[in-house]
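Dear colleague,

Please find the structure below, for use in your work.

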Amino acid sequence: MASLSDLSASDPSSDAPPRRRLGGRTLSTVERDTLHRVLHIVEREADADHTKGMSRATFFLGLANLIGSAFLLGAFPQSFWLVYAVQGLFIIGGRFRDSWTRSEGTPTKPSTMLYYWDLCWVANFLLAAAGMLVFIEVVDERYFGMLQLRIAQRTPTAGLLACLLATGPLGWSVFVLPCKMVLHDIANYANTFIHLWPVFTTLSMRWASEAVVATYPGHFDSLFEVDVGGFLRLVVLASKTYFVWWVPFTVWMLVNGRFQSPERTGRDTIYLRLMMNDA
């Protein structure tokens, strides 16, 4: 296909002939101008996905968050769970706000709020909330001594579940889903965050287990002191956890979700988006 510069080289107001040859046939002036406008629109729309939300401030925040996360992961692996929990409030919250404000319920700008029923989002809601609860436990224990929550002692398999979710469906989804590290775009950045940061969090705690136990004694017992019981037990535990989400989600998809589409209802779903992208 001829480039945009080749097409724009012929100006109707110049002395050049009003007709040009393209791909073995002759284009009229009207056809040439129409193709020129179409190519301009295609280039503009293709570039919009990469420049959406682009500004010095958004790019700086995305880059600073990325560099800061890498530094904190290496310098304080025993406390990276807190970094994830705090970042989750802002990044997941920002993504939620972006979906709410950008959605118009039209075929061109459908509502994307149904995306948050997906397993990856539900898992991150739970993991980030668990991180904040542990943070409240630590602060209360060290400064107030009022609550005495000790959630880890009441949920002995919570740590294993966190590791299974993070290094299982969340981590592997990076290879099959369109995760893009676009620093200035909250939608793309959040999609990468919810799949990679839980992996970093759980692995850093496993690798720095002695430092975690020494820094936060008694708060992560379910991550280190639970008897795994072999690979088969892990598979069973992971499967049960998955089906707790899968059963109600599938029922919802059969009853309501499969009827949702940008054209019919002005709402999009993760399932429909993946099917359309793979088609």
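Cysteine 179 is partly exposed, at a relative accessible area of 23%; here buried means under 20% relative accessible area, exposed over 50%, and partly exposed in between, with a 1.4 Å probe and protein chains only. Cysteine 179 takes part in no disulfide, and the nearest cysteine sulfur, belonging to cysteine 120, lies 7.9 Å away. A disulfide is taken as a pair of cysteine sulfur atoms within 2.5 Å, and a search of the whole structure returns 0 of them. Cysteine 163, with a relative accessible area of 14%, is buried.

**Basis of the values**

The model is predicted: local features need pLDDT of at least 70 and side-chain atom pairs count only at pLDDT 80 or more, while totals for chains, interfaces and linings use all residues. Residues are numbered from 1 along each chain as its sequence is written, and side-chain values use heavy atoms, with hydrogens and water left out.

**Overall organisation**

The chain contains 12 helices and 2 strands, these being DSSP runs numbered from the N terminus (helices H or I, at least four residues; strands E, at least two). From the N terminus, their order is α-β-β-α-α-α-α-α-α-α-α-α-α-α. Of the 279 residues in the chain, 35% are buried. Among contacts (heavy atoms within 4.5 Å) with a separation of 6 or more, 66% join residues 24 or more positions apart.

**Nonpolar cores**

A nonpolar core is a set of buried Ala, Val, Leu, Ile, Met, Phe, Trp, Tyr and Cys residues joined through side-chain atoms within 4.5 Å. The largest comprises 21 residues, and Tyr84, Trp121, Phe193, Ile194 and Trp197 have the most contacts inside it. At least two of its residues come from each of α4 (80-102), α5 (119-144), α7 (158-176) and α8 (186-207). Apart from this core lies another of 9 residues, including Val134, Val138, Val212 and Tyr216. Beyond its neighbours within four places in sequence, tyrosine 84 touches Asn124, Leu127, Ala128, Phe193, Trp197, Pro198 and Thr201.

**Packing of α3 and α8**

The axes of α3 (residues 56-75) and α8 come within 12 Å and cross at roughly 10 degrees; axes are lines fitted to C-alpha atoms, for helices over the stretch in contact, with angles from 0 to 180 degrees between N-to-C directions. The two helices are therefore roughly parallel, a term for angles under 35 degrees. On the α3 side, Gly62, Asn65, Leu66, Ser69 and Leu73 meet Tyr189, Trp197, Phe200 and Ser204 of α8.

Notes. Angles under 35 degrees count as roughly parallel, over 145 as roughly antiparallel, 65 to 115 as roughly perpendicular and the rest as oblique.
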